[in-house]
Amino acid sequence: MSEDTTPTGTTRRADDPESLWLATTPTTDYDPLDGGLHVDVAVVGGGIAGLTTALELKERGSTVAVVEADRVVTGATGHTTAKVTSQHGLRYSTLTEKFDRRTAEQYGRANEAAIDEVERIVEKHGIDAQFRRTPSYVYAESEENVSKIREEDRAATQAGLPSAFVQETDLPFDVEAAVKFAEQAEFHPRKYLLGVVEAIHGDGSYVFEETRATDVDAGAPNRVETDRGAVVADDVVVATQFPIYDRGGYFARTHPHRAYLLAVEIAGEVPEGMYYSAASPPATMRPYRSDGEEYLIVGGQSHEPSLGGPPTSERYRRCEAYARSRFDVESVAYRWSTHDYSTVDGIPYVGEIGPGAGDVYVATGFDGWGMTGGTAAGMLIADLIEMGRSHYADLFDPKRVTPKASAKNFFAENAVVGARFVGDRVRTLLHDREDLPRPGEANVLREQGRPTGVYRDEDGAVHAVDATCPHMGCLVTWNDAERSWDCPCHGSRFDYDGEILSGPAVEGLEHREYPTGDGAIDR
């Protein structure tokens, strides 16, 4: 089995998941921060929200510094479906019910503006991002979901969106009904954002890679502390998917969820348009065409890690089974997972991060729709920093209180996290050294009374780490398809040796010696 190395340095096997977007673009090589720096605005996070914010501000005359812990556009943005759309599932009927028609209209207008902004940036900077306007659909295969489709079309139309109720699509199977949004878009997210990065870097602005922000010292000015020095700035934007600097109780108001994607080759024509099913769990689809390659991206199996369920490998198998049940699949070229955060009321948090935090802003909670959500966030925050106001500030205000829309989810999500916090510790008491995993497997065991994550690789060598997530103390669980330790409570991820892959944790899992007693090597 051949191996190579990922951007984070983890050894990757040939059959490990790999994002299509990462596989079809070069690795970046921007220098890390070296010492201190002063700019107008520091942006923490090199995904679409942070990079859009940085470009918007640079175009308006500010100097900016983007600080990315790994390589830019390798996190959530590098693992997206890459739909640039204001159609976010059955979002507008939900917003109208939970809030009102005006809220749905504002949300739609912000996301429609984001599509236009992506197109503007592509044209202005000459970015070959394979940007293409195309329709988007939410479809129902069963009669029982047709009423949801009609309600969504009605709410979207009332919100001023380009919506239509249809009963035919380009899919090779029958649907009962669909909501069609005209003039949406698709693109290659890394090609787009690597062009954005080139436009940011230079002329007094910077992009720093392999520079992990560890804290923000809010004041006048603000300081972003990193493992390679500090960035001093008048304003700070925390765009790290889940904020590493939590001054608004985001750990209790956002929750992670994961979904799984395949790029498959199919016999015949790949259908035109982008698709999202009204079923539960939903499926998602869109075409990809470039340089003679043609794939259909098919995904689904969205779930909250805190609820447990089947292993990651099984979720990939279910996605493939769905694809083969609807299409004549010839091969699976790529597979990868995506990791997102949702807010308790269904609207992202974009704006001032919280009380007493000075000029520090946050962008989080895009619920799987970050291509438009992150773009809209960048536009909004740039307006707040430059002008002190935005048309959408109230809608996305992180300090908003929405008990009608959020109370049920708030209590349910935090009850689940609390149950995981206690229940996982109880379960480790049932496992001790005699439960050493077989080669290629892992488990959380009890070693000297402490929960210890133990992975045994295919050669029999043992890799042991403290199983307690350093963010807020939940126990990590094993991700068998991606060979990582994942926190089910707030979404931090670590490789099998404990090195941090993604936050909100800002440090890795401590290595532990694990006496195996069977000749295995503890690495």
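**Figure 1. Packing of helix α2 against helix α6.** The axes of helix α2 (residues 48-59) and helix α6 (residues 189-200) come within 10 Å and cross at roughly 40 degrees. The model is predicted: local features need pLDDT of at least 70, side-chain atom pairs count only at pLDDT 80 or more, and totals for chains, interfaces and linings use all residues. Residues are numbered from 1 along each chain as its sequence is written, and side-chain values use heavy atoms, with hydrogens and water left out. Helices (H or I, at least four residues) and strands (E, at least two) are DSSP runs numbered from the N terminus; axes are lines fitted to C-alpha atoms, for helices over the stretch in contact, and angles run from 0 to 180 degrees between N-to-C directions. The crossing of α2 past α6 is left-handed, that is, the near helix is turned anticlockwise from the far one by less than a right angle. From α2, Ile48, Leu51, Ala54, Leu55 and Lys58 make the contact, and from α6, Tyr192, Leu193, Val196, Val197, Ala199 and Ile200 (heavy atoms within 4.5 Å). These residues comprise 10 nonpolar, no polar and 1 charged (nonpolar: Ala, Val, Leu, Ile, Met, Phe, Trp, Tyr, Cys and Pro; charged: Asp, Glu, Lys and Arg; polar: the others, Gly among them).

**Figure 2. Packing of helix α3 against helix α5.** Helix α3 (residues 91-98) and helix α5 (residues 146-158) pack at an angle of about 75 degrees, their axes 7 Å apart. The angle therefore makes α3 roughly perpendicular to α5 (65 to 115 degrees). Arg91, Tyr92, Ser93 and Thr96 of α3 meet Glu151, Glu152, Ala155 and Ala156 of α5. This contact consists of 3 nonpolar, 2 polar and 3 charged residues.

**Figure 3. The open sheet β20-β21-β22.** In this order, 3 strands form an open sheet with antiparallel pairing (two strands pair if DSSP finds at least two bridges between them). Strands β20 (441-447) and β22 (462-466) lie at the edges, each pairing on one side only. From one strand to the next, the twist averages 25 degrees. Strand β21 (residues 450-456) pairs with β22 over 5 bridges in the antiparallel sense, and Gly453 has Val465 in β22 as its bridge partner.

**Figure 4. The salt bridge between Asp29 and Arg71.** The side chains of Asp29 and Arg71 meet in a salt bridge at 3.7 Å, N to O (a side-chain nitrogen of Lys or Arg within 4 Å of a carboxyl oxygen of Asp or Glu). The pair, 42 residues apart, links distant parts of the chain: Asp29 lies in the loop between α1 (20-23) and β3 (37-44), and Arg71 in the loop between β4 (64-67) and β5 (83-84). The structure holds 28 salt bridges.

How values were computed. Angles under 35 degrees count as roughly parallel, over 145 as roughly antiparallel, 65 to 115 as roughly perpendicular and the rest as oblique.
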